[in-house]
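Here is my note on the model you sent.

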Amino acid sequence: MTRTHELVFLFDVDNTLLDNDHVERDLRQHLSQTFSAQAKERYFEIFEQIRHDIGYADFLGALETYRIEKMHDPRVLRMSIWLVDYPFAQRLYPNALDVVDHV
C-alpha cells in the first residue's frame, strides 16, 4: 500500500501577511471616538492578555471576552459590527496573496 502525504504550509498572519499594527490603530481610534476611554482601555487589556497567552493578535477573541463582561451594554454590538465589517483585505501587505498563491 502506497501512502501519500499531503504537504501543508502554515502562515503566520500577525504582522507577516496582515498589518495588525494598522488594524490596531484603526480599532483604537474607533473605540476612542465611539466608546469611553475606560472601555477602550479594558478591551486592550483583554487583547494584550490574550496575545500573551496564545502568542498572536486575536481581535475577535478579545471582543468576545469583553462582550461577556459587558453583556448588558448594547454598544458592544456596534463594536462587533465594526470589527466584522472591517476591511481586513485592505490591510494585507503588498503581494501577500501572491506569496500564498505561490506556495
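1. Is Asn 95 buried or exposed? Asn 95 is exposed, because its relative accessible area is 52% and the cut-off for exposed is over 50%. Please keep in mind throughout that this is a predicted model. Asn 95 sits in the loop between helix H4 (75-84) and H5.

2. Stay with Asn 95 for its backbone. Its phi is positive, about 70 degrees, although Asn 95 is not a glycine. Most residues other than glycine have a negative phi. I would mention this angle in the text.

3. Next, the salt bridges. Side chains of opposite charge can pair when their charged atoms come close. The whole structure holds eight salt bridges. One of them joins the side chains of Asp 26 and Arg 91, with N to O at 3.0 Å. This pair links distant parts of the chain, 65 residues apart. Asp 26 belongs to helix H1 (residues 20-34), and Arg 91 to the loop between H4 and H5. Both Asp 26 and Arg 91 are buried.

4. Which residue forms a salt bridge with Arg 42 at 3.0 Å? The partner is Glu 45, taking the closest N and O atoms. Arg 42 and Glu 45 are three residues apart in helix H2 (residues 37-54), so about one helical turn separates them. Arg 42 is partly exposed, because its relative accessibility of 29% falls between the cut-offs of 20% and 50%. Glu 45 is partly exposed too, at 39% relative accessible area.

5. Arg 42 has a further contact. The side chains of Arg 42 and Glu 69 meet in a salt bridge of 2.5 Å, N to O. Arg 42 lies in helix H2 and Glu 69 in helix H3 (residues 59-69), so this pair ties together parts that are 27 residues apart in sequence. Glu 69 is partly exposed, with 39% relative accessible area. Elsewhere, salt bridges with shared partners join Glu 24, Arg 28, Glu 48 and Arg 51 into one network.

6. Now the largest pocket. Its volume is about 180 Å³. Its lining includes Phe 11, Asp 12, Val 13, Asp 14, Leu 18 and Asn 20. Tyr 56, Ala 57, Phe 59, Leu 60 and Phe 88 also line this pocket. What is the make-up of the lining, by nonpolar, polar and charged residues? Eight residues are nonpolar, one is polar and two are charged.

7. The surface deserves a point of its own. Leu 7, Phe 9, Phe 11, Val 13, Val 99, Val 100 and Val 103 form a nonpolar patch there. Together they have about 610 Å² of accessible area. Phe 11 and Val 13 are in this patch, and they are also among the residues of the pocket lining. Val 100 is part of helix H5 (residues 96-102).

8. Arg 67 is in helix H3 and is partly exposed, at 27% relative accessibility. From Arg 67 to Ser 80 is 13 residues in sequence and 8.9 Å in space, C-alpha to C-alpha. Asn 15 lies in the segment before H1 and is partly exposed, at 29% relative accessibility. Asn 15 and Ile 68 are 53 residues apart in sequence, and their C-alpha atoms are 28 Å apart.

Conventions:
Residues are numbered from 1 along each chain as its sequence is written. This is a predicted model: local features need pLDDT of at least 70, side-chain atom pairs count only at pLDDT 80 or more; totals for chains, interfaces and linings use all residues. Side-chain values use heavy atoms; hydrogens and water are left out. On a 1 Å grid over the protein atoms alone, a cavity is a set of points where a 1.4 Å probe fits but cannot get out, and a pocket is an open set with protein on both sides within 12 Å along at least five of seven lines; lining residues have an atom within 4 Å of a point. Grid points are joined across faces, edges and corners, and a volume is the space filled by probe spheres set on the points. Ala, Val, Leu, Ile, Met, Phe, Trp, Tyr, Cys and Pro count as nonpolar, Asp, Glu, Lys and Arg as charged, and the others, Gly among them, as polar. Patches are made of residues with over 30% relative accessible area and no salt bridge: like charges are joined within 9 Å, nonpolar side chains (Val, Leu, Ile, Met, Phe, Trp, Tyr) within 5 Å. Accessible areas come from the Shrake-Rupley method with a 1.4 Å probe; for residues, only the protein chains shown count as cover. A salt bridge is a side-chain nitrogen of Lys or Arg within 4 Å of a carboxyl oxygen of Asp or Glu. Helices (H or I, at least four residues) and strands (E, at least two) are DSSP runs, numbered from the N terminus. Buried means under 20% relative accessible area, exposed over 50%, partly exposed in between (1.4 Å probe, protein chains only).
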